[in-house]
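Colleague: I am new to this structure and would like to go through the terms used for it.

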Amino acid sequence: MAIVKWKNPRLYDPWADLQNLQNEINDLFNYDRVPSSTGLFDRSVTPAIDFVEGENDYTVKCELPGLEQKDIDVSIASNVLTIKGSKEENKEEKKGKYYKKEIWSGSFQRTISLPATVDSSKISAELKDGLLTIILSRKEETKPKQISVSVK
């Protein structure tokens, strides 16, 4: 039978706060900064996207450095734009031990709900210098129209 020191949980322990602080600092240094890709919904790497509304269209810009056209798939279904692709890891550069590794590789997927005013039959996409630009036209009936008013 072991003898255990009884500790009253109602008493304030001044060392408990310091122990919590030390645990938080240790967790900070143990944090893994290398992106992981373990599952479809458990990814920390997603390309940055700008979604801009213009007068006659919408523009989606997506940063995809190091990717080629064959690595990217853009689709629209039920007014949801999906951009997905994968970036292969360059195996020639994997010879040494990494001190820091921030260049990501693996697969990604971004989905954007589009406004109901998007005409899904008039879409164009272009990849240039690592920037994917998608132009989504508005439906004709939703475009602003200029009406001239004559004064008599």
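The questions below ask what stands behind each term.

Modeller: This is a predicted model, where local features need pLDDT of at least 70, side-chain atom pairs count only at pLDDT 80 or more, and totals for chains, interfaces and linings use all residues. Residues are numbered from 1 along each chain as its sequence is written, and side-chain values use heavy atoms, with hydrogens and water left out.

Colleague: What makes up the protein in helices and strands?

Modeller: Helices (H or I, at least four residues) and strands (E, at least two) are DSSP runs, numbered from the N terminus. By that rule the protein has one helix and seven strands, in the sequence pattern α-β-β-β-β-β-β-β.

Colleague: How do you know that E1 and E2 pair?

Modeller: Two strands pair if DSSP finds at least two bridges between them. E1 and strand E2 (residues 57-63) have five bridges and run antiparallel, so they count as a pair. A hairpin of three residues connects E1 to E2, and Glu53 has Tyr58 in E2 as its bridge partner.

Colleague: What joins E6 to strand E7?

Modeller: Seven bridges join E6 to E7 (residues 131-138), again in the antiparallel sense. Ala125 stands opposite Ile134 in E7.

Colleague: Why are E1 and E6 said to stand at the edges?

Modeller: The open sheet has four strands in the order E1-E2-E7-E6, with antiparallel pairing. Strand E1 (49-53) and strand E6 (118-128) each have a single partner strand, so one side of each has no neighbour in the sheet.

Colleague: What makes a set of residues a nonpolar core?

Modeller: The set consists of buried Ala, Val, Leu, Ile, Met, Phe, Trp, Tyr and Cys residues joined through side-chain atoms within 4.5 Å. Buried means under 20% relative accessible area (1.4 Å probe, protein chains only), with exposed over 50% and partly exposed in between. The largest such core has 17 residues, and those with the most contacts inside it include Val60, Leu81 and Leu132. E2, strand E4 (80-87), strand E5 (106-113) and E7 each supply at least two residues of this core. Across the protein, buried residues make up 18% of the 152 residues.

Colleague: Which residues is Leu132 in contact with?

Modeller: Contact means heavy atoms within 4.5 Å. Leaving aside neighbours within four places in sequence, Leu132 has contacts that include Val60, Cys62, Leu64, Ile83 and Ala125. In the protein, 53% of the contacts with a separation of 6 or more are between residues 24 or more positions apart.
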